[in-house]
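Visitor: I am new to this structure and would like a close look at one part of it. Please take me through that part slowly.

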Amino acid sequence: MAFFPFHMEIRTMKRENIVHFSGEAELIGFNDIDGTKQANTDLCIQDCRNDLDIVHLNDYGIIRHSSIPYATITGKTLTPATSIRSANWHVTMNCNYNCRFCFYKNMIGEFKDIEKTRHILETLKNKGIEKINFAGGEPLLYKNLMYLLKMAKDMEFTVSVVTNASLLNENNIRELSSYVDWIGISVDSTDENIEKELGRGNGCHVEHVQRVCELIRKYGMKLKINTTVTKLNYLEDMKTFISSLRPDRWKVFQILYMKGQNDDALDLILTTEEFEAFRRINGGLVLNNGATPTFESADDMLNSYLIIGADGNILLSNDNQRSSVAFEELECMELTELVDVDKCLERERSYEWN
Ligand code: SF4
């Protein structure tokens with residue numbers, strides 16, 4: 001049986017020192033300050049007594065990282081993760097909502113080349129992608145969604161669906177739960193009038209989201225809430241509302257301008273100070289699992305995602321403008337040629353998705 005050769009004690013969480021590792025190893029436990037055996041697969045960062053050893057306990061094991069070389073556990077050496085591990089696949093650009101700030105608003109089409117699905121997923125797997133977010137448009141409008149989700153799950157990706165929630169009901173939530181690990185739901189305000197003014201539904205979005213979040217938890221999937229901050233909501237305190245939804249993660253985005261997509265929403269664009277005001281009001285929220293909100297400025301978002309478009313090609317956002325690269329080119333390119341790796345890793349190190 002593997003054992004951990006270092007003595008450590010938990011004192012404080014120290015998020016800024018998170019270091020992610022990748023590799024394979026047997027998960028082992030350690031004794032915390034009470035002598036209790038811990039073998040937790042959740043994100044867990046320990047600031048040890050000597051202030052030197054910051055360890056990351058994840059699905060792969062426990063690593064002492066401050067003293068190089070890294071601990072070798074059950075004979076397999078773990079190395080710091082330096083690669084991009086997630087991708088977004090926008091399977092359809094069709095949507096039943098009409099959010100003014102939507103930065104895909106004038107894109108059209110849906111993924112039709114179904115026989116290419118396995119090739120796309122295998123290529124992503126070979127490139128080290130571990131998690132896929134299926135998004136849109138509204139992905140539940142895409143008739144082949146379940147086929148793609150099942151294939152991704154069979155190939156052992158962590159599978160996520162990002163939806164405006166409008167089409168979710170108990171039947172499809174139950175069905176999704178066979179293949180989906182995470183569901184991301186978009187809600188930007190507790191005020192139905194603001195949601196309606198933004199184009200997020202017709203005045204009953206907030207109420208519907210509350211019902212749907214209950215069901216997502218009932219069927220055992222993890223829940224992420226996505227909020228876009230605009231001129232209409234940047235002074236809103238959403239903490240009590242978000243807590244009541246009991247998400248595993250709350251992701252907050254500054255409205256992003258994309259030429260040719262949301263040019264008619266310039267009146268909703270925020271200054272940096274206004275986005276910071278939302279962060280000041282809401283940033284102190286601690287979710288049930290101990291997680292805190294993740295904030296992404298417009299600049300954080302640009303070029304920091306690996307995105308597959310509805311045509312199956314790679315979608316880029318250079319200079320706040322959409323362009324694309326043929327998917328086949330990915331086979332002879334590094335992901336780092338397409339995505340700003342520093343921005344991407346900064347986001348990925350803020351949570352563990354398994
Ligand atoms: S729900 Fe999403 S895809 Fe649809 S219009 Fe709104 S932001 Fe765009």
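How many bridges join strand 12 to strand 13?

Guide: Four bridges join strand 12 to strand 13 (residues 182-186), and the two run parallel. This is a predicted model, in which local features need pLDDT of at least 70, side-chain atom pairs count only at pLDDT 80 or more, and totals for chains, interfaces and linings use all residues. Residues are numbered from 1 along each chain as its sequence is written. Strands (E, at least two residues) and helices (H or I, at least four) are DSSP runs numbered from the N terminus, and two strands pair if DSSP finds at least two bridges between them.

Serine 160 stands opposite tryptophan 182 in strand 13. Right-handed means that, with the strands pointing away from the viewer, the path from the first strand over the helix to the second runs clockwise.

Strand 12 also has four bridges to strand 11 (residues 131-135), again parallel. Here isoleucine 132 has valine 159 of strand 12 as its bridge partner. Strand 11, helix 2 (residues 145-154) and strand 12 form a right-handed β-α-β unit.

Strand 12 (residues 158-163) has five of its six residues buried, that is, with 20 or more other C-beta atoms, placed from the backbone, within 10 Å of their own. In the loop between strand 12 and helix 3 lies leucine 168, which counts as buried because it has 22 C-beta neighbours inside 10 Å.

How values were computed:
Buried ≥ 20, exposed ≤ 12 C-beta atoms within 10 Å, placed from the backbone.
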